[in-house]
Amino acid sequence: MAVVKSGSAEIYYEVHGEGPPIAFSHGAGGNTLVWYNQVPYFAKDHTVVTFDHRGWGRSICAPEDKHAKFFADDLKAVLDDAGIERTALVCQSMGGWTGMHFTLDNPGRVSCLVLSGTTGGISTPKVIEARAARSRSRTSDLDRAIPWNEPHLALAADAFERDPSMAFLYRMLSGVNPPIGDTGTGDMGISPSRLNGYDIPTLMISGGGDRIFPPAILEDVSKVIPGAQLHSIPLAGHSPYFETPDEFNRVVGEFVNKHGM
């Protein structure tokens, strides 16, 4: 457990295990705690890094500095402080903005990239259309009071029917965070043209019941990332790492072991 300064923020992070590094970047409903199914699994053979984005979990920043434009630099500060020069990156939802921006800015420091339930900020016409439709049609449930047995938007709609303990645990872990507000990801779009010459091995993971980035959106994005692979997990919603950890860990492990050295 450690804290590193990044600009005006204090970023909390943890390092577990030994071996080829793998860093996990959580989504807007998460923090270091949500990777409880991944840390023990990967720390047997890897140096595992988890961190709280600024303003999430135990990372502290001024309210005006809680913005995605700082995320990539925060990740760099964590890796530098931990003495990790090159790593595999596994990113969930909002954390995909962190991972993709960091990768584009520091390609030599990323052995491979996993984007789970996220576009990574890549703005295809379908992504832009879907974002606009979503903002018109609903208010995010990330900030409103929700009955204990209503599945979080980050889970499949039938999460409480299939696994009530898992669904309730997600809501409790998410509740550790301060109110989310605007993450700033809407200001951080990446044009597909920035991917010209991109050669980082990339795996996209899509949940069949994802209510935030449906499979068709992630399939569309996968087509503009050179060489990207796409793996679908039909039973999962937006958070395959949490909802279907056995398959998630297996798929990510095979990919990282192939590319993450």
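The discussion below turns to one aspartate and then to the sheet.

Tutor: This is a predicted model, in which local features need pLDDT of at least 70, side-chain atom pairs count only at pLDDT 80 or more, and totals for chains, interfaces and linings use all residues. Residues are numbered from 1 along each chain as its sequence is written, and side-chain values use heavy atoms, with hydrogens and water left out.

Student: Which backbone atoms does the side chain of D52 reach?

Tutor: The D52 side chain reaches the backbone nitrogen of T32 at 2.7 Å and the backbone nitrogen of R58, also at 2.7 Å.

Student: What makes β5 and β6 a pair?

Tutor: Two strands pair if DSSP finds at least two bridges between them. Strands β5 (residues 87–92) and β6 (residues 110–116) have six bridges, in the parallel sense, and therefore qualify. Within this pair, A88 stands opposite C112 in β6.

Student: Why are β1 and β8 placed at the edges of the sheet?

Tutor: Eight strands form an open sheet in the order β1-β2-β4-β3-β5-β6-β7-β8, with mixed pairing. β1 (2–6) and β8 (229–233) each have a single partner strand, so one side of each lacks a neighbour in the sheet.

How values were computed
Polar contact = N/O pair within 3.5 Å; in protein donor to acceptor, adjacent residues only side chain to side chain. Helix = DSSP H or I, 4+ residues; strand = E, 2+ residues; numbered from the N terminus.
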